[in-house]
Amino acid sequence: MRRRPSLFWRILLGLLLLALLFPTTSPLISFGNTPTAPNASTTETSGHPMIFEDVEESDYFYDAVRWAVEHGITEGTSDTTFAPKDYCSRGQVITFLWKAMGSPEPQSSSHPFTDVPEDAYYTKAVLWAAEQNIASGTSESTFSPNAPCARAQVMTFLWKLKGQPAATSSAGSFPDVTTADYFYAPVMWAAKEKITTGLIDSRFGAMDQCNRAQVVTFLWRAMGSP
């Protein structure tokens, strides 16, 4: 008399048949890891080669660009170019910061800025930044998202993002930064933390427009670059 398979083996055989019949939808077996959002706490990069023809390994912004692209903070201006010398708008800079923090949802959909449309790529970023007191408008009713973003503004955004840490006046000495400037504390903090060393002519370049290479490098350093 032939022995029937035990209950254990019949259950195991049934599970294997289900896995073969439904390899992609079966809830019984799961492979791999769940994708995660960009993580601002890590500034490490993978070993993947650079895809942008205008970013060389010898460039000061090389690692920062790789980090920003790999973490979904920014993309290139084309499949093969990053355009590191293109200037950034206020809307672009705030979007970089927002994505570096994992693209958090703003708590409210209402805001006072008449020049921030509901369907703009930077809308959620601006709402979040305003709620977190990272960025304010250029007036009570405007944010000026398309206006060029100065280096002083970028440092102020980063300083507020990091909780407005204190910095000593001995951290740096720039002829175009005085104690009366709104960006004095942010620039002194940035100099202390080696986020910036200023320009080659000893100025900080507070009112100079900030380009894409500078923005991602400042952000990369602020987030704790290796």
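Analyst: Here is a walk from the loop to the core and then to the cysteines. This is a predicted model, where local features need pLDDT of at least 70, side-chain atom pairs count only at pLDDT 80 or more, and totals for chains, interfaces and linings use all residues. Residues are numbered from 1 along each chain as its sequence is written, and side-chain values use heavy atoms, with hydrogens and water left out.

Let's start with Phe174, which sits in the loop between helix H5 (151-161) and helix H6 (184-192); helices are DSSP runs of H or I, at least four residues, numbered from the N terminus. Phe174 is buried at 10% relative accessibility (buried means under 20% relative accessible area, with a 1.4 Å probe and protein chains only). Leaving out residues up to four places away in sequence, Phe174 touches Val187, Met188 and Ala191, and also Thr197, Gly198, Ser202, Arg203 and Phe204 (contact means heavy atoms within 4.5 Å). Phe204 is 30 residues from Phe174 along the chain, yet their C-alpha atoms are 5.8 Å apart.

Now the core. The largest nonpolar core has 57 residues, and Leu158 and Leu219 touch the most other members (such a core is a set of buried Ala, Val, Leu, Ile, Met, Phe, Trp, Tyr and Cys residues joined through side-chain atoms within 4.5 Å). Elements giving two or more residues to this core include helix H2 (62-70), helix H3 (90-100) and helix H7 (212-222). Beyond its neighbours within four places in sequence, Leu158 contacts Leu97, Trp189, Phe218, Leu219 and Ala222.

As for cysteines, there are zero disulfides (pairs of cysteine sulfur atoms within 2.5 Å). The sulfur of Cys149 is 6.7 Å from the closest cysteine sulfur, in Cys210, so that's too far for a bond. Cys149 is buried at 0% relative accessibility.

Note on methods
Buried means under 20% relative accessible area, exposed over 50%, partly exposed in between (1.4 Å probe, protein chains only).
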